[in-house]
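Q: Could you walk me through this model? I'd like to keep it quick and go piece by piece.

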Amino acid sequence: MPASVSPKQKQRLDQLIAHALRAPQPTVDWNLPVTPRLWVRSAVYRVMVSQLYHGEIATAQLCALLHQRIDDDRVRQWLVIQERDELRHAAMYHRYLQRVGGVVDSDPVFVRTLSDVLAWRGDFLGQVLVFHVLLEGEAVQLLRNRFRCPLFAHISRMILRDESRHILFGRWYLKAQLENMPADRKIHWYATIRALWYENAEAQLKLYYGSHLPKWLRRHWLNRRWRFQQRALVRLGLVVDGQLTCNGILHRRIGIS
Ligand SMILES: [Fe+2]
Ligand SMILES: [Fe+2]
């Protein structure tokens, strides 16, 4: 655990662990009706839920990987809890997907991003940052939508309860770690995350709408959504708000702390 972590922060992590250990195992009512209509075609709907499923598996893999690399008992205890949660979520999505036609392969850009990031060696903090933004942050945004399918809405509510704890832990851990990160590393990770996010979000948009959306509308949608992620990165301390343009290019390469 970083030296900058205060006793109060340690206490908060202990509370989070205790809360996660006390949380009851969710019981899914699999008899709820399945009406998988949203604002997308059914084939795309399966891809979208399958991406959530593949994302859960990848996050569980990252937890197992970090467990071997992080030398801190509290954090390792948390990783065991989170890995268990993610595998349970994956099983829930998998069972749901059987009801709507089965799991489909993920978008190739998403698959490549996940396998590349999992294969990174060296600075594992980059992996935590990418997963925090690209997987947990995006999944929570998606699950907060109103789903018309009663069974999926029911599953989403259960998963969101766990994911809120994961997001809290990620924020807490990253904030503490980023305090000591040199400015040039922060810029590197900001630029990396931004590039990966845009690449994946563009691929996703193409999947949902094909190539029919006008370029200006695509850019508008992507920039608006990126600003949400950007605010999260500012809150974590990776970048400072005043040093970003509206779509995320750094104004200056100095003074980020
Ligand atoms: Fe999850
Ligand atoms: Fe999670």
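Q: What covers the buried residues of α8?
A: The cover includes α6 and α7. This is a predicted model: local features need pLDDT of at least 70, side-chain atom pairs count only at pLDDT 80 or more, and totals for chains, interfaces and linings use all residues. Residues are numbered from 1 along each chain as its sequence is written, and chains are lettered from A and ligands numbered from 1 in the order in which they are written.

Q: Which residues in α8 are buried?
A: Q230, L233 and L236 are. Buried takes 20 or more other C-beta atoms within 10 Å of the residue's own; exposed is 12 or fewer, and partly exposed is in between, with C-beta atoms placed from the backbone. Helices (H or I, at least four residues) and strands (E, at least two) are DSSP runs, numbered from the N terminus.

Q: How far does α8 reach from its first C-alpha to its last?
A: It has 22 residues and reaches 31 Å, close to the 32 Å expected at 1.5 Å a residue. The expected span is 1.5 Å times one less than the number of residues.

Q: What comes just after α8?
A: G237, with a positive phi of about 95 degrees.

Q: And R218, where is that?
A: R218 sits in helix α8. It is partly exposed, with 16 other C-beta atoms within 10 Å. Leaving aside neighbours within four places in sequence, R218 contacts L205 and L213. A contact means that two C-beta atoms, placed from the backbone, lie within 7 Å.

Q: Now α6. Where is its kink centred?
A: On L160, and the kink is about 25 degrees. The bend at a residue is the angle between axes fitted to the seven residues ending there and the seven starting there. End to end, C-alpha to C-alpha, α6 reaches 40 Å with its 29 residues, close to the 42 Å expected at 1.5 Å a residue.

Q: Which α6 residues are buried?
A: Among them are L151, F152, I155, H166, F169 and L178. The cover over the buried residues of α6 includes α1, α3, α5, α7 and α8.

Q: What does L32 touch?
A: P150, L151 and H154, not counting residues up to four places away in sequence. L32 lies in the loop between α1 (7-22) and α2. It is partly exposed, with 14 other C-beta atoms within 10 Å. The C-alpha atoms of L32 and C149 are separated by 9.0 Å, although the two are 117 residues apart along the chain.

Q: Switching to α4. Which residues there are buried?
A: F110, T113 and L114. They share one side of α4, because they cover an arc of only 95 degrees around the axis. That arc is taken from the directions from the helix axis to the C-beta atoms.

Q: What do they pack against?
A: α2 (42-69) and α7 (183-209). The face of α4 turned away from the buried side carries the exposed residues P108, S115, D116 and A119.

Q: Which residues touch the most other members in the largest nonpolar core?
A: Y96, I193 and L238, out of 41 residues in that core. α2, α3 (73-99), α4, α5 (124-143), α6 (150-178), α7 and α8 (215-236) each supply at least two of its residues. A nonpolar core is a set of buried Ala, Val, Leu, Ile, Met, Phe, Trp, Tyr and Cys residues joined through C-beta atoms within 7 Å.

Q: What is L238 in contact with?
A: L178, K186, W189, Y190 and L233, leaving aside neighbours within four places in sequence.

Q: What about the whole chain: how many helices and strands?
A: Eight helices and zero strands. Buried residues make up 26% of the 257 residues. Of the contacts between residues at least 6 apart in sequence, 78% join residues at least 24 apart.

Q: What's the mean pLDDT?
A: It is 85, and 89% of the residues reach 70 or more. Over residues 251-257 the pLDDT is below 50, and this stretch has twelve contacts in the model beyond near neighbours in sequence. pLDDT is the predictor's confidence in each residue, from 0 to 100.
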